[in-house]
Amino acid sequence: FTHYPAVRALINSFWNNASSRRPSKFVGIENYQTLFEDDRLAQVMFNSTIYALGTIPVAIGMAIGMALLVNARLPGTWLMRLSFFMPTMLPMIAVANIWLFFYAPGIGLASQILSLFGLPPINFLGSTETSLLSMMFVAVWKEAGLFMIFYLAALQTLSPELFAAARLEGAGPWRIFRRITFPLLMPTTLFVLINALLNAFKLVDHLFILTKGGPNNASNLLLYYIYETAFSFLDSYYAATLTVVMLLALAVIA
């Protein structure tokens, strides 16, 4: 289920697509040469890069903030933990349908909020300027709670004597975080960063529900483009080539 499909994709990437009139034949690196001429792929890779750069730092920053908040032993932290982690427990398809209603122009919650301030409704998912940003917002909302759990677990392993000694020396909360907490969280940050990068390139679920890559490929990402190529354009061999590119990219990142 893991290695055979990867090897099969690599083999298929050296063949062309079959049709009703001709069988597939070996074409060498022709499919890989096509990658450099594929304007749509260039747009997809640009979108994927912007998506990763936009969602990962925000999700990690929010996760650290939420973990610090629920680790502070304040009243009602159990409720905060539940509310922060709740989006993670929801299936991605359910999340996408919730946000589809939220973003609906005119009748959605986002439009209702804008109308309170006298602003016109915005078609968040139907505009090339806002569709990718709207998807990024959903991803941060969904993933930050999961990353919070890792940071919370890491915070609870830190020695309280370190923080007590820092406070005795007169260090304030920001200096304690910058000099002690954040450096000690770096192994967790590296783990979360790698997983967030892999998730950013493997996204397909809520993209399928919310925008289907539109409008005009403004929100199309790599894995959804592979899905489209294989099952909408019925070019499984070029899809295999794209899959090899994605696997190589994820291997290099990891």
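Analyst: The model is a predicted one. In it, helix H7 is mostly covered, with 18 of its 25 residues buried.

User: What makes a residue of H7 count as buried?

Analyst: A residue is called buried because its relative accessible area is under 20%. In H7, 18 of the 25 residues are buried.

User: How do you know what span to expect for H7, residues 131-155?

Analyst: The expected span is 1.5 Å times one less than the number of residues. H7 has 25 residues, so 36 Å is expected. From its first C-alpha to its last the helix reaches 36 Å, close to that value.

User: Where does H7 bend, and by how much?

Analyst: H7 bends at Glu143, by about 30°. The angle is taken between axes fitted to the seven residues ending there and the seven starting there.

User: Why is Ser48 called buried?

Analyst: Ser48 has a relative accessibility of 2%, and buried means under 20%, so Ser48 counts as buried. Ser48 is found in helix H3, residues 39-70. Leaving aside neighbours within four places in sequence, Ser48 is in contact with Phe201, Leu221 and Leu222.

User: Why is Ser236 called partly exposed?

Analyst: The relative accessible area of Ser236 is 39%. Buried is under 20% and exposed over 50%, so Ser236 falls in between and is partly exposed. Ser236 is found in helix H13, residues 236-253.

User: Which residues does Ser236 contact, leaving aside neighbours within four places in sequence?

Analyst: Ser236 is in contact with Asn17 and Ala230, whose heavy atoms come within 4.5 Å.

Note on methods
Residues are numbered from 1 along each chain as its sequence is written. This is a predicted model: local features need pLDDT of at least 70, side-chain atom pairs count only at pLDDT 80 or more; totals for chains, interfaces and linings use all residues. Side-chain values use heavy atoms; hydrogens and water are left out. Helices (H or I, at least four residues) and strands (E, at least two) are DSSP runs, numbered from the N terminus. Buried means under 20% relative accessible area, exposed over 50%, partly exposed in between (1.4 Å probe, protein chains only).
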